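Work through the exercises below with the sequence and the structure side by side, and try each task before reading its solution.

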Amino acid sequence: MKLKLFILVLALQTAWILGTTFTQERVLRVGQFIMLETQPVDPRDLLRGDYVRLNYPISNVAREQFFAPPLTGDLSSGTTVFVALVPAGTNEFYQVARASTVWFTPAANEVLLRGKVAQSWRSNAGAIHVEYGLEQYFVAEGTGNPRGKLTVQAAVSKSGRANIKEVFVDGKPYIEAMKAGQ
């Protein structure tokens with residue numbers, strides 16, 4: 001009986017790991033690609049290794065951009081938010097068009113991102129700080145302090161989940177830029 005229970009637990013853990021991996025890889029393979037402007041915030045963590053913490057202009061959503069229902073007060077931390085992004089005119093970066101606390105169908109030119117309300121360490125009066133799961137990018141040891149303009153190519157699934165596909169420094173892929181800088 002104990003052997004059967006052990007095998008069942010092991011099979012469930014394996015299925016969970018494979019399912020999570022499949023889901024993440026599927027987003028990167030079939031998701032819609034968008035470009036986001038970003039900037040590094042704090043590049044090192046002694047316990048978890050080198051990474052770049054990223055801050056996006058789309059992370060601060062103006063209260064006026066919330067519709068259906070309109071925002072009447074503050075949103076508590078952890079509240080799920082859906083943000084529609086559109087290409088920002090002449091450049092390739094996406095910006096916030098509108099947002100809601102309930103899922104909605106995006107327009108033809110919009111990409112819908114799912115995020116969570118988070119407390120911000122910055123003062124952003126009149127805005128709600130949203131995190132999309134794109135805020136950390138782990139890098140090779142010793143390369144966590146990039147110099148130059150950072151941009152991110154993200155893959156977004158139809159459900160609004162996003163993964164970082166590539167980070168660029170001054171238009172070059174992160175790895176290449178860090179090798180050239182050493």
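A residue is called exposed when its relative accessible area is over 50% and buried when that area is under 20%, with partly exposed in between. The structure shown is a predicted model.

**Exercise 1.** Work out how many helices and strands the chain has, and in what order the elements run.

*Solution.* Counting the elements gives two helices and 12 strands. Reading from the N terminus on, the order is α-β-β-β-β-β-β-β-β-β-β-β-β-α.

**Exercise 2.** Find how many aromatic pairs the chain has, and, for phenylalanine 67 and phenylalanine 104, explain why the pair is classed as it is.

*Solution.* Rings are paired if their centres lie within 6.5 Å, and planes over 60 degrees apart count as edge-to-face; by this rule there are two aromatic pairs. In the pair of phenylalanine 67 and phenylalanine 104, the ring centres are 5.0 Å apart and the planes stand at 75°, so the pair is edge-to-face. Because phenylalanine 67 lies in the loop between strand 4 (60–62) and strand 5 (80–87), while phenylalanine 104 lies in the loop between strand 6 (94–100) and strand 7 (111–117), the pair ties together parts that are 37 residues apart in sequence. As for accessibility, phenylalanine 67 is partly exposed at 25%, whereas phenylalanine 104 is buried at 9%.

**Exercise 3.** Describe the aromatic pair formed by tyrosine 137 and tyrosine 174, and state whether these residues are buried or exposed.

*Solution.* The rings of tyrosine 137 and tyrosine 174 are 5.7 Å apart from centre to centre, with 75° between the planes, and the pair is edge-to-face. Tyrosine 137 belongs to strand 9 (residues 136–138) and tyrosine 174 to helix 2 (residues 174–181), and the pair links these distant parts of the chain, 37 residues apart. Both tyrosine 137 and tyrosine 174 are buried.

Definitions and conventions. Residues are numbered from 1 along each chain as its sequence is written. This is a predicted model: local features need pLDDT of at least 70, side-chain atom pairs count only at pLDDT 80 or more; totals for chains, interfaces and linings use all residues. Side-chain values use heavy atoms; hydrogens and water are left out. Helices (H or I, at least four residues) and strands (E, at least two) are DSSP runs, numbered from the N terminus. Rings of Phe, Tyr and Trp (its six-membered ring) pair if their centres lie within 6.5 Å; planes under 30 degrees apart count as stacked, over 60 as edge-to-face and the rest as tilted. Buried means under 20% relative accessible area, exposed over 50%, partly exposed in between (1.4 Å probe, protein chains only).
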